[in-house]
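These notes are for a colleague who is opening this entry for the first time. Please keep the sequence and the model in view while reading the numbered points.

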Amino acid sequence: MTAKAVLIQDAVAAMNVDSWNRHAQSTVAMQNGYVMQLASKTGVSGESEVWLATVPASGAGLKNLWMCAEPEVVVTNAQYKGLDPDPRNFEVAIGTTFNAFMIKLGDIITVNAEAIAGTLVTGDYAVASNGVWRLTWAASGVSGVTFYRRATTYMSIADGTIASHQITAYELECIALA
Amino acid sequence: MAYSILLQDAVAAANIDSFNRSAVSASVYENGAVGYFTGKSTTAGEAEVWTMVAPVTAHLYDLWMVYEPEVVLTSSKYKGLDPDVRNFINAIGDVFSVYKPELGDIITLTDDGITGTKGANTFITATDGDPFLNWNTAAVSGLSYKLIGTTYLSLATGSIDTQRVTAYQFECVALA
């Protein structure tokens, strides 16, 4: 199984402000750390508070985005929850409601390599890109959501075995929204 | 006359103290109306009260929105007798509560709090000289809200019947 993105909200403003947290759905499988626009609600009966996530677009579609952050409860064999402790096996299925938070300046997050498209380049920016759900490594910031790599660090992942489970991760700080 | 009604469905100011202030104005102000501060009140005892005026073309940003508990004053002296929030307004000189709109805020407003006609418009925006937001076709370089949908408010008027009034839910999409 391809490892999925893992997100840690080290210090984000949305932890303290209710209105910067929403429920959303998407027409594609979502992973934690994916960025998105929430421009409208789903319009489905019984989902009056659920927004439809759409992929970042050029121009205004890169600004003031939201980020997926759903508890990593892995579904095994499409039916068993909680058996698999490895958060790298977690993703949000199409049509499943998930949590998203509004990214704010100064937010600090840690993500694994799978959360960022491309390869780390000099400049150390991870930015929103047209048509890409993940942040993308970049040499410079953009007129939109931009994170700066503060450090390369690690995550300790539980996979159920007795061994070292440190994986490479990146600590990022949001330095631009628009 | 029915006055504007505002519901703060999800606003950042509900969690951030500094996004809330007290204000006073030389004009009457209804809930959901907006304005900017020209300074603090110089009246004795109002050290933390700001003076508020309607937006102007050069100042459609950094606006604050009125949101005061709807305790209606009847016959200029009796409070709490009238349950109909549509009869509530902040009189000239009264100190009232205002909050700072933020991107992503969701509010519900009645038509009485919006200038113009909805028609095909899907935005309400700050407008020169008007404390009310105005129906518009698009956001402006200033406080702007996007229409999410048409809904209703259930009001208490004291009578037994349906008391739903049309309202609109908006999301704040621009501040400056």
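1. This is a predicted model, in which local features need pLDDT of at least 70 and side-chain atom pairs count only at pLDDT 80 or more, while totals for chains, interfaces and linings use all residues. Residues are numbered from 1 along each chain as its sequence is written, and chains are lettered from A and ligands numbered from 1 in the order in which they are written.

2. A first look at chain A shows 0 helices and 14 strands, where helices (H or I, at least four residues) and strands (E, at least two) are DSSP runs numbered from the N terminus. The C-alpha trace of chain A spans about 45 × 45 × 30 Å along its principal axes. The radius of gyration, taken over C-alpha atoms, is compared with a globule rule of 2.2 Å times the number of residues to the power 0.38; for 178 residues a compact globule would come near 16 Å, and chain A agrees because it has 16 Å.

3. In chain A, 37% of the 178 residues are buried, a residue being buried if 20 or more other C-beta atoms lie within 10 Å of its own, exposed if 12 or fewer, and partly exposed in between, with C-beta atoms placed from the backbone. Of the contacts in chain A with a separation of 6 or more, 65% come from residues 24 or more positions apart, a contact meaning that the C-beta atoms, placed from the backbone, lie within 7 Å.

4. In chain A, 5 strands close into a barrel in the order 2-4-3-5-8, with mixed pairing; two strands pair if DSSP finds at least two bridges between them. From one strand to the next the twist averages 55°, the axes being lines fitted to C-alpha atoms, for helices over the stretch in contact, and angles running from 0 to 180 degrees between N-to-C directions. Strand 5 (residues 66-68) and strand 8 (residues 98-102) of chain A run antiparallel and are joined by 3 bridges, and Met67(A) has Phe101(A) as its bridge partner in strand 8 of chain A.

5. Chain B also deserves a look at its barrel, where 5 strands close in the order 2-4-3-5-8 and the pairing is mixed. Strand 3 (residues 34-40) and strand 4 (residues 49-53) of chain B pair in the antiparallel sense over 4 bridges, with Met52(B) in strand 4 of chain B as the bridge partner of Phe37(B).

6. Which residues lie on the covered face of strand 8 (residues 96-99) of chain B, and which on the uncovered one? Phe96(B) and Val98(B) form the covered face, whereas Ser97(B) and Tyr99(B) form the uncovered one. Strand 2 (residues 20-25) of chain B runs antiparallel to strand 8 of chain B and is joined to it by 4 bridges, among which Asn20(B) is partnered with Tyr99(B). Strand 5 (residues 64-66) of chain B is likewise antiparallel to strand 8 of chain B, with 2 bridges, and Val66(B) has Val98(B) as its bridge partner there.

7. Where the two chains touch, the contact takes 11 residues from chain B and 8 residues from chain A. The side of chain B that touches chain A has 8 nonpolar, 2 polar and 1 charged residues, counting Ala, Val, Leu, Ile, Met, Phe, Trp, Tyr, Cys and Pro as nonpolar, Asp, Glu, Lys and Arg as charged, and the others, Gly among them, as polar.
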